[in-house]
Amino acid sequence: MTTTVMNKIALKNPFKFREDEAVPTLTPEQMDAFGVELDAIRARVIADLGEVDREYLYKIVRIQRRCEIAGRALFYLPVIGWLPAVAALSVSKILDNMEIGHNVMHGQYDWLGDPDYNSRVFDWDTMAPAENWKYGHNYMHHTYTNIVGKDRDVGYGILRMAEDQPWRPYYLGNAAYAFGLMMLFEWGVGVHDLEVDELVAGRRTWAENRDIGARIWKKVKKQVTKDYIMWPLLTGPLFPLTFAGNFTANIVRNIWTFNIIFCGHFPAGAQTFTIEECENETRGHWYYRQLLGSANISGSKLMHVMSGNLSHQIEHHLFPDLPARRYPEIAAEIREICERYDLPYNSGPLHRQLGSVFAKIVRLSFPTPRRKVTAVTEVTAAPMAA
Amino acid sequence: MAVALGTRILRSNAVAALTTPHGVDRYLKHINPMWAAHEVRARIVDIHHEVDLPGEPRVATVTLQPTSTWAGHRAGQHVSVGVEVDGTRRTTRVFSVSSADSKPGERFTITVRANPDRVPSVSSFLAYEAKPGQMVHLSQAEGDFVLPDRVPERIVLISGGSGITPLMSMLRSLQRRTHRGQVTFLHYARSEDHQIFREELAGIAGNGVDIHLLHPEAGDPNLSPAYLTKLLGEYSEIPTWACGPAPLMEAVKAAYADSEALSTEYFQPPKSTGVAGGQISYARTGTESANSGETVLEQAEAAGLTPEFGCRMGICFSCTATKKSGLVRNVLTGETSELPDEDIRICVSAPEGDCVIDL
Ligand code: FES
C-alpha cells in the first residue's frame with residue numbers, strides 16, 4: 001500500500017481520516033533534490049517580477065479603494081442603499097486584508113520600492129496591529145508551520161486542531177469556540193499575540209505583553225472610532241443603520257477570512273509536526289513540512305483573488321515572499337513535482353475542505369483513542385518511489 | 001484661501017480618523033494624482049536639454065509642478081526625486097533645485113546630468129526617457145546650504161561642473177530679489193561646450209554681477225589663493241558659497257582655511273568597490289568593522305549589535321534593514337544589488353566591499 005493511495009482514500013472520506021497514519025517520507029538525497037527543484041522555481045519567478053506585478057497590485061488597490069468609498073457613500077441612501085453598502089464594504093475589507101494587506105506585509109512587494117506597499121510601513125483595516133501580526137505570523141507561523149507547541153496558529157491557543165495537542169475536558173466546547181472565533185476573528189487575531197493561554201499557564205509574564213498590548217489598544221481605538229463612531233456620525237440620523245452596516249461588513253470579512261485560513265491548514269490530510277522532527281532541518285525538509293502542513297482550495301479566479309490567493313496555501317507556504325498572484329501559475333508545476341516524489345498535494349473545493357475542517361473540529365473535541373504505533377512506523381519506513 | 005482651507009480639512013484629525021490606517025493621501029491619489037494632504041508629488045511639465053553633445057551624457061532641466069503640499073524651497077536646497085525607472089522599481093536620488101526660491105505649491109526646476117554609470121539611473125531616466133505629464137515622487141526641500149534672508153553686500157559663489165545648480169538657484173533668486181550688492185561668480189567647467197546656462201549667465205553679467213567661466217583644461221587658471229587674491233583682494237572674509245566635485249572643494253577649503261565666511265556642499269557619488277573586504281559601517285550606532293564576507297546579520301552580531309531577526313533564513317522579513325550604500329549579494333540567490341537606501345534582509349545579504357547599513 002502506498003501512502004498516496006491512502007491519502008486519496010482519506011480525502012474522499014474525511015470523517016474516517018486520521019493524521020499521522022500515512023506521513024510520506026523521503027530519503028535525505030530525495031529531500032535535497034526536492035529542495036533544489038523548488039529553489040529553481042523560486043529563482044525563476046523572482047527573475048521575472050516586473051511591471052505586471054506592480055500593475056496588478058495597483059489595480060487591486062484601486063478596486064479596493066473604490067469599493068470602500070462606494071460602501072461608505074451608499075449608507076446615505078436609507079433602505080435601498082444598505083445592502084449594497086454592506087456588500088461593497090465587505091469586499092473592500094476582504095481585499096484590504098487578504099490580497100493587499102496579508103501579502104504586502106509578507107514583503108511580497110518590498111522590491112517595488114514604493115513606501116505605500118512596504119512590509120515595514122503597511123497597516124491593514126483590521127484590529128491586529130501590523131507589527132504584532134508580522135511577528136506571530138511571518139515569523140512564528142511561517143517558520144514553524146504546523147509544529148505543535150511552536151506554531152501558535154495551530155488552534156490559536158483556543159482550539160484543539162491536532163491530535164498531538166493533549167485532550168482536556170475544556171475541548172468539549174471545540175465547535176462552540178471555533179464558531180466564536182470565526183465571528184470575532186479580527187479580534188481573535190488582534191489579541192492572538194498576547195498569548196493569553198500562555199499567560200494563564202504562567203509561561204509568559206505581563207511585562208512581555210506590555211508593548212504588544214499597547215499597540216493593540218492603540219489600533220483597536222482607531223478601528224472602533226472609524227467604523228463605530230466617525231462614519232456612523234457622518235450619516236447623521238442614519239447612525240444606527242451605518243453602525244449596523246459597518247458591524248456586518250466586519251463580520252462578513254471575519255467569517256470569510258476565518259474559513260479561508262482554516263481550510264489552508266486544517267483539512268484532513270494536512271500534517272502537524274513535533275519539535276523534535278524539525279530540529280536541524282534542511283531546506284528540503286523545510287519545504288516538505290510546508291507542503292504537508294498546507295492545503296489548497298480549488299475554485300474560480302474570483303475566489304482566488306478574494307482569498308488573497310491563499311487558496312494556494314501550499315504555494316504560499318513554500319514561497320511566502322513571492323507575490324501571491326504568481327501562485328496559480330506555479331501550482332501545476334508544484335503538483336507535478338509532488339507526484340514525482342510521491343508526496344500528497346492536498347487540494348479540494350471550498351465545500352469539501354470546509355466539511356473536513358468542521359469534521360476535524362468536532363472529532364477533536366473528544367479524546368483521541370490510542371492507536372497501534374506499529375502501523376505508523378511501518379508506513380514511514382516503506383521505501384518510496386522517486 | 002479655498003486651497004488652504006481644503007488642505008486644513010484634509011490634514012485634520014477627523015479625516016485621519018476616517019481614513020485610518022491608510023491615511024487620506026492613499027485615497028486622494030486614486031481620484032487625482034495631483035491631490036495630496038501630506039505627501040509631495042509633482043507632474044513633469046517641461047524637459048529642456050541644456051547640453052546635448054554626441055558621446056556626452058545629456059544635461060536636462062526638468063520643470064516640475066508640485067502638489068499643493070510642496071512647502072517651497074530656499075535657493076541652494078535639494079530635493080529627493082523618486083521615479084519608477086524601469087517601469088517597476090522605485091529609485092530615489094537627490095538633486096539640487098536650480099530655479100529661484102519657490103513658494104508653497106510653486107513650480108521649480110531641477111537640472112540633471114545623466115549618469116549612465118549607475119543602473120538604474122534616475123538622472124538618465126529624467127534626461128532621456130521622461131515625458132511631460134509623468135508623475136514623480138518628491139521629498140520636501142532640504143539642506144542648510146542656503147543664502148541668508150538678508151544677503152550681505154558682497155558675496156562670492158564658486159562652483160564646478162554640475163555643482164552649478166544650487167548656485168544658479170541662488171543667482172536667480174538674487175536677480176529676483178533685486179539684490180543691489182556685488183556678486184562674484186566663479187564656475188569651473190571642462191570646456192565651453194560643457195557650459196550649462198551659458199546664455200542666461202551672459203544676460204545676468206554686469207549690473208554688480210561679475211561672472212568668470214573658467215576652463216582649466218583650455219589653459220584658464222586653477223583655483224588658488226593667489227588667483228582669488230588677484231580677483232577679490234582680501235577674499236577670505238567675504239561670505240562665500242561653494243559647491244562642486246571633491247578636488248575643487250578641497251582647493252576651496254584649503255584657500256579659505258578655517259574662515260567662517262565659507263559654506264560648502266559636496267557632490268558625493270556613493271562609492272562601491274564591488275570586491276570582498278572593505279568596511280561595514282553601522283550608521284545608527286556608529287560602529288564599524290572589517291567585512292568578513294559573512295551575512296550582515298552575522299557580522300552585526302559579531303560587532304556587538306543586536307539587530308532584530310526571526311527565521312534567519314530569509315522568509316520572515318523581521319530582519320529587514322536599510323542599506324544606505326554598498327553592494328550586497330543575496331546568499332540564497334546569488335543576486336547582487338547596489339541601490340542606495342534599499343531595504344535588505346540582513347540574514348541573507350552579504351556585503352562585497354564597503355557597505356553602510358542603518359543599524
Ligand atoms: S530573519 Fe527572517 S528574513 Fe531575515
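Predicted model: local features only at pLDDT ≥ 70, side-chain atom pairs only at ≥ 80, totals over all residues.
Q: How many aromatic pairs does a search of the whole structure find, and what makes A:Phe239 and A:Phe243 one of the aromatic pairs?
A: The search finds 18 aromatic pairs over all chains. The ring centres of A:Phe239 and A:Phe243 are 6.2 Å apart, and rings pair if their centres lie within 6.5 Å; the planes are 25 degrees apart, and planes under 30 degrees apart count as stacked, so this pair is called stacked. Both residues lie in helix H10 of chain A, 4 residues apart, which is about one turn of the helix.

Q: Why are A:Phe239 and A:Phe243 put in their accessibility class?
A: The relative accessible area is 27% for A:Phe239 and 33% for A:Phe243. Buried means under 20% and exposed over 50%, with partly exposed in between, so A:Phe239 counts as partly exposed, and so does A:Phe243.

Q: Why is the pair of B:Trp70 and B:Phe108 called stacked, and what does the pair tie together?
A: The ring centres are 4.3 Å apart and the planes stand at 20 degrees, whereas the limits are 6.5 Å for pairing and 30 degrees for stacking, so the pair is stacked. B:Trp70 lies in the loop between strand E2 (59–66) and strand E3 (78–84) of chain B, while B:Phe108 is in strand E5 (residues 108–113) of chain B, so the pair ties together parts that are 38 residues apart in sequence. With a relative accessibility of 0%, B:Trp70 counts as buried, and B:Phe108, at 1%, counts as buried too.

Q: What makes the contact of A:Arg54 and B:Glu84 a salt bridge, and why is the pair said to join two chains?
A: The side chains meet at 3.5 Å, N to O, and a salt bridge requires a side-chain nitrogen of Lys or Arg within 4 Å of a carboxyl oxygen of Asp or Glu, so the contact qualifies. A:Arg54 lies in helix H3 (residues 51–74) of chain A and B:Glu84 in strand E3 of chain B, so the pair joins two chains. Both residues are buried.

Q: How do you know that B:Asp52 and B:Arg58 form a salt bridge, and is B:Arg58 buried or exposed?
A: The closest N and O atoms of B:Asp52 and B:Arg58 are 3.2 Å apart, so they fall within the 4 Å limit. B:Arg58, at 14% relative accessibility, counts as buried because buried means under 20%, whereas B:Asp52, at 41%, is partly exposed.

Q: What is the basis for the accessibility class of A:Pro323, and where does A:Pro323 lie?
A: The relative accessible area of A:Pro323 is 0%, which is under 20%, so A:Pro323 is buried. A:Pro323 lies in the loop between helix H13 (313–318) and helix H14 (327–340) of chain A.

Technical notes. Residues numbered from 1 in each chain as written. Chains lettered and ligands numbered in written order. Heavy atoms only, no water. Phe/Tyr/Trp six-rings, centres within 6.5 Å; stacked < 30°, edge-to-face > 60°. Buried < 20%, exposed > 50% of the residue type's maximum accessible area, 1.4 Å probe, protein only.
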